[in-house]
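Here is a brief report on one protein chain. It starts with the overall fold and then turns to local features.

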Amino acid sequence: MKIFDRYILKEHLGTFFFAFVTIMFVFILTFLTQFLERLIGKGLDFRIILEVVALQSAWMVGLAVPMAVLVSTVMAFSSLTNSSELTVMRAGGISIYRLVAPVLLAALALSLMMERFNNVLMPEANYKANALFADITRMKPGLGIDKNAFSDVIQGYSIMVRDIDNETGELRDIVLYDRGRPDVRTVIMAARGRIQFSQDYSHLVLTLEDGQIHELSLPAMDRYRKMVFARNRYVFDATGYGFERTDDGKRRRGSKELSAAELLSMAREFRMKDRMAESSIDKGIAGLRAEIESIRKRSSTSPASSPALLPPAVTGRAIELVDTMIDNATERIGQMRENRESFYNYMIEYHKKYSLAFACVVFAMIGAPLGVMARHGGFGAGAALSLFFFVLYWVLLIGGEKIAERGLLLPAISVWLPNVVLAVTGLFMIYRLSSSASGSGR
């Protein structure tokens, strides 16, 4: 490696680690702001809380590394330009392409490492983090209740609360739906409440205050009863609510908890189901056409006195066949829609594992010319430009995901489009820098 190659990479190294640590700090601080108050003071071991933070930091690393590459590249080239070192190198006959080459090679090596991280470490970390959250929620049911959203932390019931006091654990403005009795629709409303374990941890106790119970008989809906209470208690079996580590083989993995090979396998499976459903619809339509043709032949052989009339049995069979075909087609179309949505979701996650890793190269490619252009702005201009292009990248990525989920564009195109757009922009900016240097007589 040339001396100036090592020097350029050395200029990047310190800034990269600084930017990476800063971005990770912001991500972790944001996470703690949202979740720490729900974990602290709930009787959880401090090691469990640290494990939650450590596992959640996996997806943060996947985003922080490309961002740090962009920031470090912009800042390093801005510093080299401000100190006139870049000008001296280019005056010595070294082209801008040669100056960017070591940075791109280092970014490529980092991309390969991030690809392994996204495929091996991140899925396992996401899986263990979600499993740990489920274990904590089972141990502390109140942790699984979100404001203004229904949750099923109590078996057989759906509960929604308007407000939660994280210090005392008190629930306010509670709505509880009883799903355990199919013959009666029961809705329970209370001003205040609390979920806690009995002293021996064998039962889960829901205490409600200042509430009403509304009951409506089903399906006739001919009887309605309303009861008012000042204080009411509901006791449930606490089996399964103790803190126990989930067995890794018992919990199904989500799309963000699978490697690229597993995602591709699942996508192919849903693609096959989609084609089978489509083939079933085609066969049903072919069968219906054959039956209609058979009915037409019977009609042509009917007595001349009433050629437009069919026997009642034939008419009834035709109507029954059409109704059955419509029901089957509707069901198959619903299956096709679900299978295609699953296929698109898995393929989006599959391509994201590689596109986010390759973003390191893209951000290095666009960061170098940005650093030269931001030479007069210092750290503020470099940080602003880095933030702008990362936001642009993220907007294009999220927009592409939404388009791919609707089936309007292939996942491969929509997910890789931000990389292509920024890479072309970076190459164009590098070309303009090289042309301006040539035009100046160097």
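## Overall fold

Along the sequence, the elements run α-α-α-α-β-β-β-β-β-α-α-α-α. That amounts to 8 helices and 5 strands. The model is predicted.

The protein has 442 residues, and 41% of them are buried. Its accessible surface is about 24700 Å². Carbon and sulfur atoms contribute 61% of that surface. Among contacts with a separation of 6 or more, 69% join residues 24 or more positions apart.

## Helix α2

Helix α2 spans residues 46-82 and has a kink. The kink is centred on Met-60 and comes to about 40 degrees. Most of α2 is covered: of its 37 residues, 28 are buried.

## A nonpolar surface patch

Which residues form a nonpolar patch on the surface? They are Ile-403, Leu-408, Leu-409, Leu-410 and Ile-413. Together they have about 460 Å² of accessible area.

Leu-408, one of the patch residues, sits in a loop. That loop runs between α7 (378-405) and α8 (411-439). Is Leu-408 buried or exposed? Leu-408 counts as exposed because its relative accessibility is 64%, and the cut-off for exposed is over 50%.

Note on methods:
Residues numbered from 1 in each chain as written. Predicted model: local features only at pLDDT ≥ 70, side-chain atom pairs only at ≥ 80, totals over all residues. Heavy atoms only, no water. Patch = residues over 30% accessible without salt bridge, like charges linked within 9 Å, V, L, I, M, F, W, Y side chains within 5 Å. Areas by Shrake-Rupley, 256 points an atom, 1.4 Å probe, with all protein chains shown as cover. Salt bridge = Lys/Arg side-chain N within 4 Å of Asp/Glu carboxyl O. Helix = DSSP H or I, 4+ residues; strand = E, 2+ residues; numbered from the N terminus. Buried < 20%, exposed > 50% of the residue type's maximum accessible area, 1.4 Å probe, protein only. Bend = angle between axes of the 7 residues up to and from the residue. Contact = heavy atoms within 4.5 Å.
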